[in-house]
Structure formats: C-alpha cells, structure tokens
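Welcome! Here is a short briefing on the structure below, written for someone meeting it for the first time.

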Amino acid sequence: EGGVEFAVAGRTVFRYNSEITPLPRSDIDSVYVRGGYIHPIHSPAGVLVTGDYPRDHLHHHGVWPSWTRTVFRGDTVDFWNVADRKGDVLPVALDSAWEGSVFGGFSARHRYVALTQGAPVDALNERWTASVYNVAGGERPYWLFELAVQQSTASSDPLVLPPYHYGRVAIRGREDWYGSENAVFLTSEGHDRATGNETRARWTYMGGTAEGGARGMAVLSHPDNFRHPEPVRIHPNEPYFVWAPSQLGEWSIQPDAPHRLRYRYVVFDGPPDAALLDRLWNDFAHPPVVEISTR
C-alpha cells in the first residue's frame, strides 16, 4: 500500500514510495511530508543503508529528486528546502510496476510545484523509470538497479538553473553515519570526503559501519548525462551526496527539450572496491552490442 517493493531471491532491495509517507515523529511540521522517493534501501545482507526524515535535515529522503536554486517566471524557486515554502515536489502516479526473471521495475511521475505565483503552478513534470536487476554478484554480492529520469517543462516557460553547489537526484545515508568521521566517500578519481567536493567523477561511493560491518552504495553516472563527468556535492558532515551540474554555470530546461538522466546504483556489504566499480561503470557506459547478420 502506498508504494512498491522489490526483492531478489526473496531478499529486499528497496521500496519506492509512490504516495506521501506518514511523518515518523509527531514533532515534524507537515510542510516536510514527502512522497515519490526510494527508501529504504537494504544491502544484500539485509542491512539498511539509507535515511529518511533525518533530524538534522528533515527534507532528505533516501533517493529523492529536487532542484535548489531555480528561476521560474521571474521568481526564485527552491524545490529542495521545502520549509521555505517556495516550491515542492509531489508524487503524481505510479503508472506501472513489473517483475521477471531478468529484471523488475516501475514507472512513476512527479511534479515540481512553484509556490511563488500566488496559486501553486507546475513548473516541471518528471518521469522515473527504474529497473532492478536479478544480479547477486559473485564472491562479492551486490544489488544493481538503474534509474532513468526525464524532466519536461509543464508550460511554455523554461526553468532556469543559476550556478549553485547542490541539487538534482540526491541520496541520503543512514542517520548514524552523520558526522565527519562516520561516513566514507570515494570517487572514481580517487577523492575522499576531504577532497572530493565539487570535483567531477564517473561514480561516487558513500558508506559506513552498520550492524558490525562496512556497508555502502555507489551511484554511477552515465556518459550521456548533461555535463558528464558531473560535479559532485559531498557534504563535510552529513551522509549525503548529489550530482550537481549547476556547479559549472547557469543552464536551463527549455520547452520541447526534455532533460534526461541515467544513473546506476550498486549496493553492497564490505568496503568500497574501486576496481569493481570501474568495471561496473564500464558495463553501464559501454555495454556489449550484438549485431545479427543474415550471411
């Protein structure tokens, strides 16, 4: 009810919350209610690796979509910091969900609502298409799922994105990974938390200790993504990161020119393995091509 859950061989991978989720604590203002995001995500050992409604930043939710600094119809609109009441991202519908021996998935829609025009006005329409693969890894088990995002203007007005250091599809880690020493980051270029912020990367890993062992997840960016290799925002204390193309300067989402993104997520137990993540990124970026000849 209110979402769809995916599993491989009976072990839960993640849940997509297609409707507004109940607030976990009574002291949370209703402005923070959210739907249309992925949480919880579990490792192959069944350990939780994402956070939801964390006490330090109530607007963070597992894997969630938001833009921060934008301009719509001349007004500055913030879809990320919802407590400012200038914008919000709302679920529209879970259009379909499917399962199979190779992969399962879902297709869902969200809308980005500007709250600066007097009455709420839709600025963007967003579609998520997710694929969860029947991959358990070998000696190093991992979950593998992919998220394709398409954002289109909801009217004839563009959404302008000025320079800013964070915003897009973000991921939040466990609440007990909060603190500069409690989460581990690694990028494809070898950067850690101290050196990785505002650098460009093909993949970024975040993890930490949970239930007696190392757990983590990596997000792989497809080379077709806008401004790839994308800049990354790695927070100095909070267990989250987000690809942030606006770090490289102003751009916009124009009518009749949808903005498309593809990310692949790898979730595993144990410390990060750069060689494994490089191989998986190459699988994602340069998949085998089959040509059928009639000769």
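Ala130 has Leu147, in strand S10, as its bridge partner. This is a predicted model, where local features need pLDDT of at least 70, side-chain atom pairs count only at pLDDT 80 or more, and totals for chains, interfaces and linings use all residues. Residues are numbered from 1 along each chain as its sequence is written, and side-chain values use heavy atoms, with hydrogens and water left out.

**Strand S10 and its partners**

- Strands here are DSSP runs of E with at least two residues, numbered from the N terminus, and two of them pair if DSSP finds at least two bridges between them.
- Nine antiparallel bridges join S9 and S10.
- S10 also pairs with strand S20 (residues 259-269), in the antiparallel sense over ten bridges.
- Across from Glu146 stands Arg264 of S20.

**The largest pocket**

- A pocket is an open set of points on a 1 Å grid over the protein atoms alone, where a 1.4 Å probe fits, with protein on both sides within 12 Å along at least five of seven lines.
- The largest pocket has a volume of about 230 Å³, meaning the space filled by probe spheres set on the points, which are joined across faces, edges and corners.
- Its lining has 14 residues (those with an atom within 4 Å of a point), and the closest to the centre are Phe6, Ala7, Glu99, Gly100 and Gly104.
- Strands S1 (3-8), S8 (103-114) and S9 (121-133) each give two or more residues to this lining, and S1 gives the most, with five.

Conventions
Helix = DSSP H or I, 4+ residues; strand = E, 2+ residues; numbered from the N terminus.
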